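The following note sets out some points on backbone geometry and charged side chains. Please read it alongside the model.

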Number of protein chains: 2
Amino acid sequence: MIKVGNSSVIFKNVYLKSSSAIGGKKELVGPLGSFLDYAYTDAHCNENTWEEAEIALIDKALKVALEKCSLTLHDIDLMILGDLNNQLVISHYLMRKYDIPFFGIYSACATCVQSIMTGAMLIDGGFGKYIMCGSSSHFATSERQFRYPTEYGGQKPTSLTSTATGAGIGILSNMPSFIKITAGTIGKIIDAGLTDANDLGRAMAPAAAETLFEHLHDFQTTIDDYDLIVTGDLSTYGSKIFKEMLKGLGIDLKDKHVDGGLLLYNVEKQKVHAGGSGSGCISMVLYGYLVKRMYEERFKRILVIATGALMNPIMICQGETIPCIAHAIVLERSN
Amino acid sequence: MIKVGNSSVIFKNVYLKSSSAIGGKKELVGPLGSFLDYAYTDAHCNENTWEEAEIALIDKALKVALEKCSLTLHDIDLMILGDLNNQLVISHYLMRKYDIPFFGIYSACATCVQSIMTGAMLIDGGFGKYIMCGSSSHFATSERQFRYPTEYGGQKPTSLTSTATGAGIGILSNMPSFIKITAGTIGKIIDAGLTDANDLGRAMAPAAAETLFEHLHDFQTTIDDYDLIVTGDLSTYGSKIFKEMLKGLGIDLKDKHVDGGLLLYNVEKQKVHAGGSGSGCISMVLYGYLVKRMYEERFKRILVIATGALMNPIMICQGETIPCIAHAIVLERSN
């Protein structure tokens, strides 16, 4: 790999060998339902607890990704996973089943892209042939942990996003395949001073704008160099601010920008308030929709900017503001 | 870097440029007190909340590590930090102050070594000149989050470890210095079926034994090749099982094994029950005591095996067992 500018890196030889996207019922009936590899129509994924349900999602994603490329777990040199649960218990309780070197990572809803970035850096650095990356989230584990148990039936403000139920896995390799991971920009933590944990889209927008600005600066590229700029998950509220901030920086996104959380659901009809979110959200959008569209040759080169709000309920109760991060990667068709 | 065996890696060119260890009052009056770079005698570290106190610890560690080698934050290509707090808020709220690319990682009390391992892999892969790694813990943030608020005054079983108040930072570089990080073994998650969250030492012992066994196998080395085998943190209970398990595998630790949590405190006198623990514990022992002893040429080559218990209180309440991990690195004097 080659470091570029302050925060970016060019990967010489990193490919997406295989990927998978697993969702829940709401994701299945949403606009991207047909791009999922599998969806559980039971919210418990046929398990007894919400945690076991989320483990089932990422476990299924892992198996499907391996099946698609005819690899087995023995071929995988390292797993890099994360989720929203305290102490990453979904990733950890999944991985106790498997005998594979493991790294746990966390950057909230940006975890998916941090896992790809780390995996790509290690592949390009010469560690191993196959690295598996991924992340998951579940509506019910997140609601209970970050807000209230669903049984409480609390009212929700319109700025709130809805945590997606789903998981995504990517298998990175140094051997050529159809999609190449060519570059990335590592995020810095930006705290814009916002305090409303029910409006994380707006809190994360400055981090997304900063990372995009840094990315374009580091590589001396423009918006025109990409077929699509995908954020995840800025919500309807944050997406608006994101565009405005970039305009202020002299960058016109034109019609290139979409937000993963707004693609995944029919926002109004499916009552997800300001959009979808969660570390499974951009995972499903990337490994389900975007990758498949690249295979269909709809997109040649895309930039995925995953955003994460890095607070917890204790810090919010203490009156703290919300620090956020955004990591970006570039995916290109290799032919 | 070169991958070795199933889980290990040899680093070609990774050095520990600088390091720092910051503790609290209990750590200062313990056996390793004189090896700390600084200690806060106020449990709140002159801040208002326990979280701010823990942030002060890691912030001080960061500053001292930079000062020691006359670098500034602008020289640092990437920060890799983690802590025990939900959503890694200590690392995240620290890093919002600084304008540096950031990765958050988590493996409980093994976080320190996961951060070094990841940093070393990235340095050796060609990303950047200086990467900062580290981890922290604070008795009070951990007690409240994993057990009870200290005000509750709950009784503690003798198998319980006491979360260390402290932090450690290492600055890795590709430019030669006195201590070289030569190799590492990435852990796999091992769940031995234990359920007692008040006895994590015993729960983690099998993961430590597995990683040591794998390490010796991958490199075809023996215990005799190291001056010291340091675990952290297995407690008095876990250390005993660790030795017994290895004996069963035909490996005699002789007098080479010490546990970081047992070095940091005078266990009986300081009433830390079965020993010290927490992601700041092995950080302080490594960056304070071990590194300084290497500079004094007491040790030429040491193996540090950091262990982490990867559960959270929800999983324990659901009757779940405790998955654990251990990551190992080799430090050598380069002359």
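1. Asp37(A) is partly exposed, with a relative accessible area of 27%; buried means under 20% relative accessible area, exposed over 50%, and partly exposed in between (1.4 Å probe, protein chains only). Asp37(A) forms a salt bridge with Lys68(A), whose closest N and O atoms are 2.9 Å apart. The pair links distant parts of the chain, 31 residues apart: Lys68(A) lies in helix H2 (residues 50–68) of chain A, and Asp37(A) in the loop between helix H1 (25–28) and strand S4 (38–39) of chain A. Lys68(A) is likewise partly exposed, at 42%.

2. This is a predicted model, in which local features need pLDDT of at least 70, side-chain atom pairs count only at pLDDT 80 or more, and totals for chains, interfaces and linings use all residues. Side-chain values use heavy atoms, with hydrogens and water left out; residues are numbered from 1 along each chain as its sequence is written, and chains are lettered from A and ligands numbered from 1 in the order in which they are written.

3. A salt bridge is a side-chain nitrogen of Lys or Arg within 4 Å of a carboxyl oxygen of Asp or Glu. By this rule there are 36 salt bridges over all chains. One of them joins Asp199(B) to Arg202(B), with the closest N and O atoms 2.5 Å apart. Asp199(B) is buried at 7% relative accessible area, while Arg202(B) is partly exposed at 31%. In chain A, salt bridges that share partners join Asp37(A), Lys68(A) and Lys292(A) into one network.

4. Glu244(A) and Lys240(A) also form a salt bridge, the closest N and O atoms being 3.9 Å apart. Because these residues are four apart in helix H7 of chain A, about one helical turn separates them. Helices (H or I, at least four residues) and strands (E, at least two) are DSSP runs, numbered from the N terminus. Glu244(A) is partly exposed at 47%, and Lys240(A) is exposed at 57%.

5. A cis peptide bond joins Gly232(A) and Asp233(A), with omega about 15 degrees. Gly232(B) and Asp233(B) are also joined by a cis peptide bond, with omega about 10 degrees. Asp233(B) is placed in the loop between strand S12 (228–232) and helix H7 (235–248) of chain B.

6. Leu88(B) is not a glycine, yet its phi is positive, near 45 degrees. Leu88(B) sits in the loop between strand S5 (78–83) and helix H3 (89–95) of chain B and is buried, at 3% relative accessible area.
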